[in-house]
Amino acid sequence: MSGATAEAPRDLPTVVVMGEFSAGKSSLINLLLGEPLMPTQITATQSPAYLLGYGSDPRILAVRRDGGIEEVQTTDPMTLDYRRYEVVRLRRPAPVLKRLMIIDTPGISDPLLPAHALADFADTADMVLWCTLATQAWRESEQSFWREMPSRLKRSSTLVVTKTDLLRAGDLDRLQTRLAAETMGLFKSRVTLSLPRAAAALTGPEEAWAASGGAAILTALGLERADILGPTAGVEQGATGSE
């Protein structure tokens, strides 16, 4: 595992997406890629780690759980037998991967994940997007894990509160107040995000994109929508036009 992460080029910043299982990590990455590439419906004990980098020709190279390395004869990660692999390296021509590398990690409680693996990813990371589920946000297991992360990551990373569409407005306000107190000094920023709304608003008016939390995620990453959609893609204008 450590060898697989060490091979990643360092000329682009590396963003590691972490959190508990089913916290919206893969859906967030799909949003950044601008396509539903990453599988989102697999069990906690099947998910490998994914290393995503730019490549004009799609390619998949995988590290098996027995330590062997193979080039997989498919370019669609949805068709992989996840149980065989510990790490899957994807090369895709996604515009965002010209700006950064992305690592999608299994849930922090995954029993098949080697003990050193997440520490290896943390050493590789320039920043972490920590996904926490709005309906059970910032659980004790998450707090304990994150407090062990290097101080440099706490200064550069973002807490992403996902699935906020499942909460009523008053409940979200109370959650924001709690998280502001409990995560003080632990993250550079905090974002609330409705992934379905963000995906629907990706090419839509700025007002809808901002309301979904999508704009705030890109701000945390130092990106704009053109970094996802490509420089020639357009977006819909709101009623008052672009700002």
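Contact here means heavy atoms within 4.5 Å. The model described is a predicted one.

The protein chain contains ten helices and nine strands. Of its 243 residues, 50% are buried. The chain exposes about 11,400 Å², and carbon and sulfur atoms supply 50% of that area. Among contacts with a separation of 6 or more, residues 24 or more positions apart account for 72%.

The nine strands form an open sheet. Their order is S4-S3-S5-S2-S6-S1-S7-S8-S9, and the pairing is mixed. Strand S4 (69-71) and strand S9 (189-193) are the edge strands, each pairing on one side only. From one strand to the next, the twist averages 20°. Strands of a sheet pair through backbone hydrogen bonds, in parallel or antiparallel fashion. Strand S1 (residues 14-19) and strand S7 (residues 127-133) run parallel and are joined by five bridges. Met18 has Trp130 of S7 as its bridge partner.

Two helices lie across this part of the sheet. Helix H4 (residues 140-147) lies across S1 and S7. The axis of H4 runs at about 170° to S7. Helix H9 (residues 214-221) lies across S1, S7, strand S8 (158-162) and S9. The angle between H9 and S9 is about 150°.

Ile103 is placed in strand S6 (residues 101-104). Its relative accessible area is 3%, under the 20% limit, so Ile103 counts as buried. Leaving out residues up to four places away in sequence, Ile103 touches Thr14, Val15, Val16, Val17, Tyr50, Leu51, Phe121 and Thr124. Of these, Thr14 falls within the residue range of S1, 14-19. Tyr50 and Leu51 fall within the range of strand S2 (49-54). Ile103 and Ile29 are 74 residues apart along the chain, and their C-alpha atoms are separated by 9.1 Å.

Ile29 belongs to the buried residues of helix H2. H2 (residues 25-33) is mostly covered, with eight of its nine residues buried. Just after H2, Gly34 adopts a positive phi of about 75°.

The structure holds eleven salt bridges. Side chains of opposite charge can pair when their charged atoms come close. One of the salt bridges joins Arg92 to Glu35, with the closest N and O atoms 3.7 Å apart. Arg92 lies in strand S5 (residues 85-92), and Glu35 lies in the loop between H2 and strand S2 (49-54). The pair therefore ties together parts that are 57 residues apart in sequence. Arg92 has a relative accessible area of 13% and is buried. Glu35 is partly exposed, at 30%. With residues up to four places away in sequence left out, Arg92 touches Glu35, Leu37, Gly53, Tyr54, Gly55, Pro58, Thr75 and Leu97.

Two further salt bridges were examined. Asp171 and Arg168 meet through their side chains at 3.2 Å, N to O. Asp171 is partly exposed, with 23% relative accessibility. Arg168 is exposed, and its relative accessible area is 62%. Elsewhere, salt bridges that share partners join Arg64, Asp66, Glu70 and Arg84 into one network. Within this group, the side chains of Arg64 and Glu70 meet in a salt bridge of 3.1 Å, N to O. Arg64 is partly exposed, with a relative accessible area of 22%. Glu70 falls within the range of the edge strand S4, 69-71.

Terms used
Residues are numbered from 1 along each chain as its sequence is written. This is a predicted model: local features need pLDDT of at least 70, side-chain atom pairs count only at pLDDT 80 or more; totals for chains, interfaces and linings use all residues. Side-chain values use heavy atoms; hydrogens and water are left out. Buried means under 20% relative accessible area, exposed over 50%, partly exposed in between (1.4 Å probe, protein chains only). Helices (H or I, at least four residues) and strands (E, at least two) are DSSP runs, numbered from the N terminus. Two strands pair if DSSP finds at least two bridges between them. Axes are lines fitted to C-alpha atoms, for helices over the stretch in contact, and angles run from 0 to 180 degrees between N-to-C directions. A salt bridge is a side-chain nitrogen of Lys or Arg within 4 Å of a carboxyl oxygen of Asp or Glu. Accessible areas come from the Shrake-Rupley method with a 1.4 Å probe; for residues, only the protein chains shown count as cover.
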